[in-house]
Amino acid sequence: MIDLHPLKLELVERISWLIRLRWVAVASTLAGIAVARLVEPALPVLPLVLVTATIAFYNALFVLYARSLWRRRGTGLRRRRSPTFIAVQIVLDLLALTALLHFSGGIENPFGVFLLFHVIIASILLSRLASFGVALLASTLYAGLAFSELAGWLPHIHLPQLADPWRYANLIYVAAQVTAIALTLLPAAAMASSVAERLRRRTQELLQANQVCEINRSELADVNERLRQLDAARTQFIVMVAHELRAPMGAIISALNLVLGGYAPPEKQREVLERAQARAYELLDLIRDLLELVRARRIEGPAQGVPVRTEKVLENVLGLLRVEAESKGLSIEVKVAPDLPPVIATEDQLRSVWTNLISNAIKYNRPGGRLTITLTQDGDQVVGAVEDTGIGIAREDMPRLFEEFFRSTQAKAMVQRGTGVGLAIVKRTVESYGGRVWAESELGKGSKFSFSLPKAPDELATASLEDKQELS
């Protein structure tokens, strides 16, 4: 939702402006009384000074109240109470101005037009209905003053220098003066509030447009940052791939040059070619893993999958890798919980996860060691784990374990052939389906790699089972 608080906060700031303006009015009124006393000796100074002092007194109270509102920053109280606070100030000012007019000639005083000033302020700062209310109140107060002096309910103070003494007692003149004031204040309130309302609406539209632009700018900045990170990651990936490809390719070319150039004696040529063949297989493994990594990198956001039976995929992978494990004298223990729900994935990617974890456990295990594979359910997650009794991983290498092209020192020392991208593929694949992967290891005592995947929703699992039954 778009926030339009700046308009209300501006209203809050106008309160201090109105209070400062009132201090100016107090000083100007006192100066005016002093000058008018010289021109018009009949002017009652004491009542005028008392009314002016009353204005100064309640303005001081307004200052204290305004400060208490300022301290409520961030609570929303300022925005809620500010319109009422301004309306109270304007009403008191109208009452005080009416009293000043009474003690300085009533309708004979030309400064009755100051009522218009308060109507305009109300039209600018308050709602249209409130500004009409202020205009109506000002007209009523002026009419009440004029007709009260006409009827003799209030004593009239005549100013000989300003008007004839009969004016305040002339019904037609008083009615005309009151009507003129009312016809001035009410249309002024209508026009000023209409203009102010239109300006507020335009300001709201500008604020909305500005906030939309800010949101778009923020989104563009985020997109630009993501593009920058992607570009940096792509550059880094290309550099790493080039580095990883260069070593085996250079070794193959060197071996072939030795044989083709006649630098290797006949009895050594087979050995040189076998080294080239080994590096070629290493290069082939790297290319295969790179293709798998690129496919995993392309997954952005939640990946789309289907219900897959994790235990079935595990069974297929073990069928392919069991011979390799047995050739190394490894014993394999498989613990699969009964009635496991399917997970959301694809068979190919789940096969890649199991293959990478189990082949690493075989590769870095000691001859005659043990391999334990478990598959259980933990709430809404299906958890798979591969534990070996191999070389383990040093503590300082654990944070980098799932980085692309990273191989621990112990892994390099035990097996030279390796790409260092298998675990990165596992991590990207599992996380793309909303799962997670983690490792536990102690140097020299083996490692345990675990992953969890959310189980498939019941309706999807049922639909998948029905489809398979129809196909069978």
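Strand S4 (residues 370-378) and strand S5 (residues 381-388) run antiparallel to each other and are joined over eight bridges, where two strands count as paired if DSSP finds at least two bridges between them, and where helices (H or I, at least four residues) and strands (E, at least two) are DSSP runs numbered from the N terminus. Within this pairing, Thr372 has Glu387 of S5 as its bridge partner. This is a predicted model, in which local features need pLDDT of at least 70 and side-chain atom pairs count only at pLDDT 80 or more, while totals for chains, interfaces and linings use all residues. Residues are numbered from 1 along each chain as its sequence is written, and side-chain values use heavy atoms, with hydrogens and water left out.

The pair belongs to an open sheet of five strands with mixed pairing, in the order S2-S4-S5-S7-S6. Strand S2 (331-336) and strand S6 (436-442) each have a single partner strand because they stand at the edges, so one side of each is left without a neighbour in the sheet. On average, and with direction ignored, neighbouring strands of this sheet are turned by 10 degrees against each other. Helix H8 (residues 310-327) packs on the sheet, where it touches S2, S4 and S5, and its direction makes about 175 degrees with that of S2; such angles run from 0 to 180 degrees between N-to-C directions, with axes fitted to C-alpha atoms, for helices over the stretch in contact, and contact means heavy atoms within 4.5 Å.

The protein chain as a whole has twelve helices and seven strands, and of its 472 residues 38% count as buried, that is, under 20% relative accessible area, with exposed meaning over 50% and partly exposed lying in between (1.4 Å probe, protein chains only).

The largest nonpolar core has 44 residues, and those with the most contacts inside it are Ile90 and Leu115; such a core is a set of buried Ala, Val, Leu, Ile, Met, Phe, Trp, Tyr and Cys residues joined through side-chain atoms within 4.5 Å. At least two residues of this core come from each of helix H1 (5-39), helix H2 (45-70), helix H3 (77-102), helix H4 (114-125), H5 and helix H6 (171-260), and the largest share, nine residues, is that of H2. Leaving aside residues up to four places away in sequence, Leu115 touches Leu94, Leu97, Ala138, Tyr142, Ile181 and Leu185. Apart from this core lies another, of 37 residues, among them Val308, Ala325, Leu357 and Ile393.
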